[in-house]
Amino acid sequence: MRPRTLCIHGDDSDARTVGAPVEAPIITANSFFTTPDAVSFSAVDMKEGAPYSYSRWANPTVDHLERRVAALEGAEAAVCFASGMSAITGLMLTKLKAGDHLIATDVCYAGAAEFIRDGLPRFGIKVTTVDTSDPANVARALTPETRLVYLETPGNPTLRLADISAIARVAHVAGAELCVDSTIATPLATRPISLGADYVIHSLTKYIGGHGDAIGGAVACYRAKAVELRVEALIHHGGVLNPMAAWLIGRGLETLTVRMREHEINARRVAEYLSKHARVRSVYWPGLPSHPQHELARRQMQNFSGVLSFVADRDGAALAKRLADRLRVFSYAFSLGSTKSLCCYLPTEDLLRTSFRLTGTNAIAYRNWAGDGVFRVSVGLEDADDLIADLDQAMR
Ligand SMILES: *Cc1c(COP(=O)(O)O)cnc(C)c1O
């Protein structure tokens, strides 16, 4: 089935039984299930397809969502987590041990950036952060100890891209695995597994859930790797997705195709409006020909998504205050991928000090891109004319 059909049907083999409900209506909220007496108690002996026993191992409602996410990513399997961050930390703490080396993008979701810089070194894991918009930077940073390369494309908040297949090639030659946070792209735009990635991460909180009402995360990957992740990151670390949230996210997923199409249409309108605005120095959206990596975006993304960023011509902080006070259709809020339009300001010196801590040429590259601060805009599904009118009155 094609992605558009997969969003609706995914895995509904159960619903084909006569008399079964056509929608996936059942939330199996149960924490435990009765088990035959021969079931092993330890996760160490976990067998795939074992009967349900405890919802930290597996839960029918969460399983159903995992099969749907896997199908959309063209992956053998997926593992759901309590949040995008627990997917990221779960993967890293399962794959990496003391002495191992991680190469990570120098600019990404702030929670991931801080965990990579502060959390992992406490366990003796070595980290190098590089600007992954040039695969040569990754190639140069590889060492015999490198186990994992971590990308986010498009990256938050800069909308910088990374060339997944080029980086997969250099990582694999060096014996490292590649992990891609594809939250902003969604599986409708990019399927990183087909480009050579080993793991795809989603914050299901964002586009896949899509309605700002549930937090969740997922890792899509090959089956054997999913079993390893389930044992260590779910059964032992314990960050499982709640079945209620899984059901909400699965319901959101059904409309992903139509939402992404409209997000893209609206984002293009807002990006073109901002590009001509006197108070705006630059607009970054992968679908704009002016995006420095537009050619890569056209190759790697079948939908340019609804997140854009822009830099003010001067005094971003003053403009941020104005937007927070005056926007009426947009909400001034820190998230993305919702039906509602959101906007927030990320001051450069603050981010460089707290989340990114860039120095030397990396700091220069970031300042060149981000000026004194980046406005991150998640364009929602409202009428684009209302969104533009709202920005127009607020920025005047
Ligand atoms: C939001 C986000 C995360 C973290 O996800 P949560 O569900 O909030 O934990 C990770 N990566 C990206 C790109 C995000 O936008």
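**Group meeting: a ligand, a helix and a sheet**

Hi everyone, let's start at the ligand: one of its oxygen atoms is 2.8 Å from a polar backbone atom of Gly84, a polar contact, meaning a pair of N or O atoms within 3.5 Å. Please keep in mind that this is a predicted model, where local features need pLDDT of at least 70, side-chain atom pairs count only at pLDDT 80 or more, and totals for chains, interfaces and linings use all residues. Residues are numbered from 1 along each chain as its sequence is written, and side-chain values use heavy atoms, with hydrogens and water left out.

Back to the ligand. A backbone N or O atom of Met85 lies 2.9 Å from a ligand oxygen, while a side-chain N or O atom of Asp181 is 2.7 Å from a ligand nitrogen.

Gly84 also belongs to helix H3, residues 84-95; helices here are DSSP runs of H or I with at least four residues, and strands are runs of E with at least two. Is H3 enclosed or open? Largely enclosed by the rest of the structure, because 9 of its 12 residues are buried, that is, under 20% relative accessible area with a 1.4 Å probe, protein chains only. Among them are Gly84, Ile88 and Leu91.

Now the sheet: five strands, open, in the order S8-S9-S12-S11-S10, with mixed pairing. S8 and S10 stand at the edges with a single partner strand each, so one side of each has no neighbour in the sheet. S8 pairs with S9 in the antiparallel sense over 4 bridges, where pairing takes at least two DSSP bridges. Tyr284 has Ser309 of S9 as its bridge partner.

Conventions
Expected span 1.5 Å × (residues − 1). Buried < 20%, exposed > 50% of the residue type's maximum accessible area, 1.4 Å probe, protein only. Polar contact = N/O pair within 3.5 Å; in protein donor to acceptor, adjacent residues only side chain to side chain.
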